[in-house]
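Welcome! Have your viewer open as you read along.

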Amino acid sequence: MSQQTTHATDEPVVSLENLRVRFEESGFLGLTGKDSVDAVDGVSLDIGENDVVALVGESGCGKTTLGKTAIGLQQPTGGSVKYRGQDIWEAKERDRLLSLGRRGEDGIPFADIRKSLQIIHQDPESSMNANYTVENELEQPLKKWQPDLSRADRKARIRGLLEYVGMKPAEDYAERYPHQLSGGEQQRVALIRSLLMSPDLILADEAISALDVSLRVEVMELMLDLQEQFNTSYLFISHDLANAWYLAKKAGGRIGIMYLGELVEVGPVEEIVHDPQHPYTKALLWATPDLMSSSVEDPPIRKIDVPDPSDPPSGCRFHTRCPEAREVCGTQKPEQYEVGQEHEAGCFRVVDDHEYWNSPEIEDDSSSGPGMSTSDD
Amino acid sequence: MSQQRQQHGAVGIDDPILEIRDASVTFDMARGTSRVLDNLSLDIARDEIIGVVGESGSGKTMLASAILDSVDDPGYLEGEVTYHPEDGDPVDVLSLSEEELKGIRWEEIAFVVQGAQSGFNPTMKIKDHFVETLRTHDADLQEGMERAHQLLEDVYLEPTQILESYGHQLSGGQKQRALIALGLVLEPEVVVMDEPTSALDLLMQRSIVSLLADLKEEYALTIVFITHDLALVTDLADRIAVMYGFEVVEVGPSETILADSGHPYTRKLLNTVPTISADEADMDIIEGSAPDPVNVPSGCTFHPRCPLADDQCVNIDPPLGKVGDDHHAACHYPEEAREALPLSYTEGD
């Protein structure tokens, strides 16, 4: 029986297909001409209803660009991003033509799409109006999207939510300005504000990274709690696999691992953590501090530094650092291979009969990285 | 029970390289005196790696400044810091003149800051920073630069290329490793590192941590690793000192702290660490917030957030008492804490 890949929901909330985002940059002092960086290079990913996907990768891997593209804040240069089957950027173009009086096809208006796809940032204060009290800040989305609500109802709703997220007494917090709130409190307000739009998906871009360790759990718990209340999906972006694990595990979601613009592995939390397939996923797991297994081993990578994203390695982009790399990895690009239910990995090693297995190992030069200083052994 | 030293909260360490006694730092502020280091005593053993762990506002960075007598004005530092060179007489650090301090800083006790924060002068090549450091301390330039090359290689940097670069041309991880190499160029005995990896990606963080373990062996260093990240440092450190409310509340060997900590704050902090190898995603929350330095709680500073607190905790500040081998905690109820606050990651089979 041939089984086709099906996702949890028939129609994803957001669907990314072969997504590509290329940034053109002028070179250093204009000397080297124009450089381009493929911040996101050929990523496909579906996010369903009430879904949680945690994207993990090192800085510069393109996870934030991917996130912003998924919620329509960044236009892709290739591939497509769809909201409930509607191409987001076609919707924008169609609405533009409509506003000029031309007729277009029916579809979901761009403004509705933008409302349904919200973001909370690492630095919530920067997204708030410094001259607004918490109450003013939270009134805005309600006024816009629920204009029928009376002033008293709005107030009651806001107070109720503040209390719900633990900002008590709510009357006191409602009157405060952003700078009078702690980082954790600001993030709560940002979360409430985006939820008041009744979004289908919230992009949480390093939303807890700036918080103290003990506060992170609190905010993640709140996110999970509010997800149930509001039926929202999260695209949670973090450089920290442990936090991604916590949120995605509690929500029964997936973890996606990005490296140099590519999604190298994506799958259910348990499989990613206990049965990782991609050597890069394994390296990230090694790097994640764990109180249960302590050992200062050498890193499972051949080079400590990430290559220049504007000039990514040929073939598999991880091959220059990969401890398992063979010559074929430098010349051929792995596809995303299905390795389990909703679990894909982009590594030849998951393919039993791949020519990788007969390819010679890559010989490194000098002591260019960890694990390479063999002189004392 | 440890004897006379207990009142200082000092842990009897053989052959300490640094002794910090009753160190306090105060700032006069409009709303009162702000006490950001509170009678802190700590011994640092020769050739050990000690992890100083605390959340923001615990006073851990102030401890680093106190060790080097570099508390910024108008901060006022009291207490004693004694440096014991391998050979020679003990040095009373806080009584040294600026000129004498120069002979200690960098040459004996180096300080490595977060690369993202300050690090390198943007108008100077990395090489110039090494040269300047060597010159300022009247070190032999040629020998020094040879050491610089070796150190840069030790931290997996390509020496000739890095030395000709400017700070902005390096990635965060490269910058941090170059700063570590710079910190070691005058062959210090002690290296104090304040959040040396926290701005970096996990893979780079952990790579640097395993690098430090190698460097420590190679150069016989004593490392004081200050961080908010308990999980990161437990692998690396021989001992851990946990700071809360501007003082050390627990200190002991890393394995002991992990397996059998006696302070409720440490136990709760350990339970806030996500443990991805665990079956269940259970993480604790520490209710409440860190103490206000102008209005430090009476008695035990942790009592407003402690589930075990009673009248004694509200009224009497517990000294660092012995709770195990080389293991001290400032709590009236260490046994009860162990009972009442199980460590989530050691539970189950």
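How many salt bridges does the rule find across the interface of chain B and chain A? The rule finds one, a salt bridge being a side-chain nitrogen of Lys or Arg within 4 Å of a carboxyl oxygen of Asp or Glu.

## About the model

This is a predicted model, in which local features need pLDDT of at least 70 and side-chain atom pairs count only at pLDDT 80 or more, while totals for chains, interfaces and linings use all residues. Residues are numbered from 1 along each chain as its sequence is written, chains are lettered from A and ligands numbered from 1 in the order in which they are written, and side-chain values use heavy atoms, with hydrogens and water left out.

## The interface

Chain A brings 50 residues to the contact and chain B brings 44, where contact means heavy atoms within 4.5 Å. Between them the two chains bury about 4,100 Å², 63% of it on carbon and sulfur atoms; buried area is the accessible area (1.4 Å probe) that two parts lose on being put together, summed over both. In chain B, the residues that lose the most area to chain A are Y156(B), L203(B) and I276(B), together 21% of what that side buries.

## Polar links and the chain B side

The salt bridge joins R177(B) to D305(A), with the closest N and O atoms 2.8 Å apart. Three residue pairs are in polar contact between chain B and chain A, both residues at pLDDT 80 or more. Such a contact is a pair of N or O atoms within 3.5 Å; within protein, one must be able to donate a hydrogen and the other to accept it, and residues adjacent in sequence count only if both atoms are side-chain atoms.

By class, the side of chain B that touches chain A has 22 nonpolar, 12 polar and 10 charged residues. Here Ala, Val, Leu, Ile, Met, Phe, Trp, Tyr, Cys and Pro count as nonpolar, Asp, Glu, Lys and Arg as charged, and the others, Gly among them, as polar.

## Cavities

The structure holds four cavities of 30 Å³ or more. On a 1 Å grid over the protein atoms alone, a cavity is a set of points where a 1.4 Å probe fits but cannot get out, and lining residues have an atom within 4 Å of a point. Points are joined across faces, edges and corners, and a volume is the space filled by probe spheres set on them.

The largest cavity has about 90 Å³ of space. Its lining has 15 residues, and P279(A), C316(A), C322(A), C329(A) and C347(A) are the closest to its centre.

Definitions and conventions:
1 Å grid on protein atoms, 1.4 Å probe; cavity = no way out; pocket = protein on both sides within 12 Å on 5 of 7 lines; lining within 4 Å.
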